[in-house]
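Here is a quick tour for anyone opening this structure for the first time. Have the sequence and the 3D view ready.

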Amino acid sequence: MTTSEDAGWLERLSLILDAFREIHPEITANQILVLLQIGGKPGITQRELSDRTGLKDGTISRICALMSERGHQDRAGLSIVDIRGVPGDYRLKGQYLVGRGTDLYARVQSLMTAGS
């Protein structure tokens with residue numbers, strides 16, 4: 001890879017990280033990973049998120065709660081994920097990006113494919 005190619009992907013990565021920081025300045029890598037998985041498969045269950053990310057069920061539950069309007073442990077929710085019941089199985093909950101979460105996912109997709 002040439003120096004100019006390095007500069008291109010580094011610039012895109014920097015823009016992507018900045019976009020995530022606009023959602024929350026202290027967003028973690030695990031939260032980003034979960035958000036990207038939800039964007040890639042709307043309606044994904046927390047079990048599927050755990051399987052795809054390798055994160056424990058409790059971690060997934062906390063991240064999804066924090067990214068929803070509900071929040072977690074006195075931390076306000078980010079309101080970028082909507083948690084809905086799965087038709088046909090009241091025990092399962094699907095995760096969907098909403099509002100700024102949907103916008104962020106589209107922006108990241110655009111930045112990832114820029115220059116391809």
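This is a predicted model: local features need pLDDT of at least 70, side-chain atom pairs count only at pLDDT 80 or more; totals for chains, interfaces and linings use all residues.

**The whole chain**

The protein chain holds 5 helices and 3 strands (DSSP runs numbered from the N terminus: H or I of at least four residues for helices, E of at least two for strands). Starting at the N terminus, the order is α-α-β-α-α-β-β-α. The C-alpha trace spans about 50 × 30 × 25 Å along its principal axes. Of the 116 residues, 34% count as buried (buried is under 20% relative accessible area, exposed is over 50%, partly exposed lies in between, with a 1.4 Å probe and protein chains only).

**The strands**

Strands count as paired if DSSP finds at least two bridges between them. Here are the pairs:

| Pair | Bridges | Direction |
|---|---|---|
| β1 (residues 44-45) and β3 (residues 89-97) | 2 bridges | antiparallel |
| β2 (residues 81-86) and β3 | 6 bridges | antiparallel |

Thr45 has Gly94 in β3 as its bridge partner, and Asp82 sits opposite Tyr96 in β3. β2 and β3 make a hairpin with 2 residues between them, and Gly88 in the turn has a positive phi of about 95 degrees.

**Helix α5**

How far apart are the end C-alpha atoms of α5? They are 20 Å apart, which agrees with the 20 Å that the 14 residues (100-113) should span at 1.5 Å a residue (the expected span is 1.5 Å times one less than the number of residues). Gly101, Leu104, Tyr105, Val108 and Leu111 are buried in α5. Seen down the axis, the buried residues of α5 fall within an arc of 130 degrees, so they line one face of the helix (the arc is that of the directions from the helix axis to the C-beta atoms). An α-helix has 3.6 residues a turn, so residues three or four places apart point the same way. Turned away from the buried side of α5 is a face with the exposed residues Asp103 and Thr113.

**One more helix residue**

Leu13 belongs to helix α1 (residues 3-23). With a relative accessible area of 36%, Leu13 is partly exposed.

Notes
Residues are numbered from 1 along each chain as its sequence is written. Side-chain values use heavy atoms; hydrogens and water are left out.
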